[in-house]
Amino acid sequence: MIQKSKHLVVFTGAGISTSCGIPDFRGPKGIWTLQHEGKPLPEASLPFHRAMPSMTHMALVELEKAGILKFVISQNVDGLHLRSGIPREKLAELHGNSFMEACPSCGAEYLRDFEVETIGLKETSRRCADVKCGTKLRDTVLDWEDTLPPKEMLPAEKHCRMAELVLCLGTSLQITPACNLPLKCLRGGGKIVIVNLQKTPKDKNASLVIHGFVDKVIVGVMDLLSIRIPPYVRIDLVQIIITQSLSADKKFVNWTLRVASVHALKAPLPFIKSIEVSFSDAQKYKAAILHEQPFNLKRRTVTTETFEILLKLDFSDGCGCLCTQINIPFGFKVLNDCFKLDKDAAMQDLREKAIQDFGCGQNAVIERKKILASKTEFTVHAIVTNIKAFESDSLNNDGQRAKGSMNGTVTSRKRSKGRKRKSRF
């Protein structure tokens, strides 16, 4: 059916993220199921912001690259479709994204590496980066009474009407009005396929219903299509800021080193636990360990001396390795020239190296700028913090992740109580 379809649309629910460690709602171990049975919710083994895309997420990325998949509609707020590599213009996130902020004035969107602190389209603590705008940003996650945004709903409806096949993956198809979107393909002669563990109210409208684990089904589909599921490589960004000033007698330079988020100076750095600072001349300069954010270090050195600052970034739980090291040349008289690499090309090179080595911790400078007036230098580093490969035989007969692969439960601060969404369009 996929091979024959000229316009494939995929409609996803919480079931495609359960193998990422994010519990669904109505599944056997879903949040609402356990609450209804009076059972405790599973304890999280990983923070929400470290969840990695599943086999299904990455298979959809490859189907999109092959020109087979035209559009993805998601009810999930975990941000894993965007993180996996689905282009934003080919994705409708009906209920928002826990890691996305948007400008209500100019419409600019900002994907964060931390979970945005509010829900319900409320103002956050950051502003639009456009100097001509500067409006306070808002979160994008709907609360129960919020209407589905036309920006997401209109393209979703359009593609469902155009679809020759709508593939519904890991969704109970019970939350209105989203659950009615796949039905819009039927008027034009399109077909619906549903893959979900439980029965759904829309099963009677489907040409094919498979009750099973989504990952297991999709692995079989990709094998039959002879399309390989690509590995997932996560790259996080960090900026290192060095500010210098001369002492009154001009014999010493007072300098401050700051390791900060690229999203905002006061934004959290969720993937870094602590930073060990040492120097190339260990006998002359005392090492330090920075345990708390903001990560700042102040020192005074002689103006004529040059040396290297050695930073060991210790990663937080959920990262694929313990740490990485960044070496920074330091000298008062010389500030490095500004440059801005092709970010996409630099990130792709880093991904390929991580896949080739099958390891994380690699890092590269992707941007450097300086402000001469304040003798401040900003350097942005890209760091590989996770890599996850997928093989057809990595699922056992129960559809569970094989030993050796990540399978933790992820938690979010966002709502967990089960109430039917009242949103309407």
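Me: Before we look at strands, when do two of them count as a pair?
Reply: Two strands pair if DSSP finds at least two bridges between them. In this predicted model, strand S14, residues 272-279, and strand S17, residues 306-315, pair in the antiparallel sense over seven bridges.

Me: Which residue stands opposite serine 274?
Reply: Opposite serine 274 stands aspartate 314, which belongs to S17.

Me: And what order do the strands take in the open sheet?
Reply: The open sheet is formed by four strands in the order S15-S14-S17-S18, and their pairing is antiparallel. Its edge strands are S15, covering 288-290, and S18, covering 323-331, and each of these pairs on one side only. On average, and with direction ignored, neighbouring strands of this sheet are turned by 20° against each other.

Me: Stepping back, how many helices and strands are there in the protein?
Reply: The protein has six helices and 22 strands. It has 425 residues, of which 52% count as buried.

Me: What share of the contacts join residues at least 24 apart?
Reply: If we take the contacts between residues at least 6 apart in sequence, 65% of them join residues at least 24 apart.

Me: Which residues does phenylalanine 114 touch?
Reply: Leaving aside residues up to four places away in sequence, phenylalanine 114 touches Ser98, Phe99, Arg126, His263, Ala267, Pro268 and Pro270. As for alanine 267, it lies 153 residues from phenylalanine 114 along the chain, while the C-alpha atoms of the two are separated by 8.4 Å.

Me: Changing topic, how many cavities of 30 Å³ or more does the structure hold?
Reply: The structure holds one cavity of 30 Å³ or more, and about 30 Å³ of space lies in the largest cavity.

Me: Which residues line the largest cavity?
Reply: The lining of the largest cavity consists of Phe48, His49, Ala51, Asp78, Leu80, Arg83, Phe99 and Arg234.

Methods:
Residues are numbered from 1 along each chain as its sequence is written. This is a predicted model: local features need pLDDT of at least 70, side-chain atom pairs count only at pLDDT 80 or more; totals for chains, interfaces and linings use all residues. Side-chain values use heavy atoms; hydrogens and water are left out. Helices (H or I, at least four residues) and strands (E, at least two) are DSSP runs, numbered from the N terminus. Buried means under 20% relative accessible area, exposed over 50%, partly exposed in between (1.4 Å probe, protein chains only). Contact means heavy atoms within 4.5 Å. Axes are lines fitted to C-alpha atoms, for helices over the stretch in contact, and angles run from 0 to 180 degrees between N-to-C directions. On a 1 Å grid over the protein atoms alone, a cavity is a set of points where a 1.4 Å probe fits but cannot get out, and a pocket is an open set with protein on both sides within 12 Å along at least five of seven lines; lining residues have an atom within 4 Å of a point. Grid points are joined across faces, edges and corners, and a volume is the space filled by probe spheres set on the points.
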